[in-house]
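Dear colleague,

My notes on what was found follow it.

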Amino acid sequence: MFKHPHMLAAALFVLLFLLRGWLLFTQAPALQARLLRILPHVLATVLLLTGLGMVHALGIFPVWAGVKLATLVLVMVCSAMAFQRAAGRRAQLAWFLAGLA
């Protein structure tokens, strides 16, 4: 029940991250669009909720769930740094690439 929405949200999250990175490095004004600022939060929430739903359905908290949760948090930190807080182009690129890794 939770697997397919989770996989779809994960794919959209990655595609959106790549799109936002391309917009950042081409300095496109579309990066400031309201939808592109809100959608990552919506997708991260869907990822978290569907992941927790799968864990609840299993009845245990497997190691892979903890790893995926930690990875989601790290990607969100890298995203915030790359798109909002990094001071220069090099720092933005470094945080963006860290988020892809």
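Which residues in H2 are buried? The residues in question are Leu36, Pro40, Leu43, Ala44, Leu47, Thr50, Gly51, Gly53, Met54 and Val55, where buried means under 20% relative accessible area, exposed over 50% and partly exposed in between (1.4 Å probe, protein chains only). Helices here are DSSP runs (H or I, at least four residues), numbered from the N terminus.

As to conventions, this is a predicted model, in which local features need pLDDT of at least 70 and side-chain atom pairs count only at pLDDT 80 or more, while totals for chains, interfaces and linings use all residues. Residues are numbered from 1 along each chain as its sequence is written, and side-chain values use heavy atoms, with hydrogens and water left out.

Helix H2

H2 has 25 residues and reaches 37 Å from its first C-alpha to its last, close to the 36 Å expected at 1.5 Å a residue (the expected span is 1.5 Å times one less than the number of residues). The buried residues of H2 pack against H1 and H3, contact meaning heavy atoms within 4.5 Å. Glycine 59, with a positive phi near 85°, follows H2.

Threonine 50 lies in helix H2 and is buried, with a relative accessible area of 10%. Not counting residues up to four places away in sequence, threonine 50 touches Phe2, Pro5 and His6.

H2 against H3

The axes of H2 and H3 come within 11 Å and cross at roughly 170°; axes are lines fitted to C-alpha atoms, for helices over the stretch in contact, and angles run from 0 to 180 degrees between N-to-C directions. H2 is therefore roughly antiparallel to H3, a term for angles over 145 degrees. Ala44, Leu47, Leu48, Val55 and Leu58 in H2 meet Trp64, Ala65, Leu69, Leu72 and Met76 in H3. The residues of this contact comprise 10 nonpolar, no polar and no charged.

The nonpolar core

The largest nonpolar core has 16 residues, of which Phe13, Leu47, Phe83 and Phe96 touch the most other members. Such a core is a set of buried Ala, Val, Leu, Ile, Met, Phe, Trp, Tyr and Cys residues joined through side-chain atoms within 4.5 Å. Helix H1 (3-25), helix H2 (34-58) and helix H3 (63-85) each give two or more residues to this core, and H1 supplies the largest share, six residues. Phenylalanine 13 touches Pro40, Leu43, Ala44, Leu47, Leu72, Val75 and Met76, not counting residues up to four places away in sequence.

Yours sincerely

Terms used. Parallel < 35°, antiparallel > 145°, perpendicular 65-115°, else oblique. Nonpolar A, V, L, I, M, F, W, Y, C, P; charged D, E, K, R; others polar.
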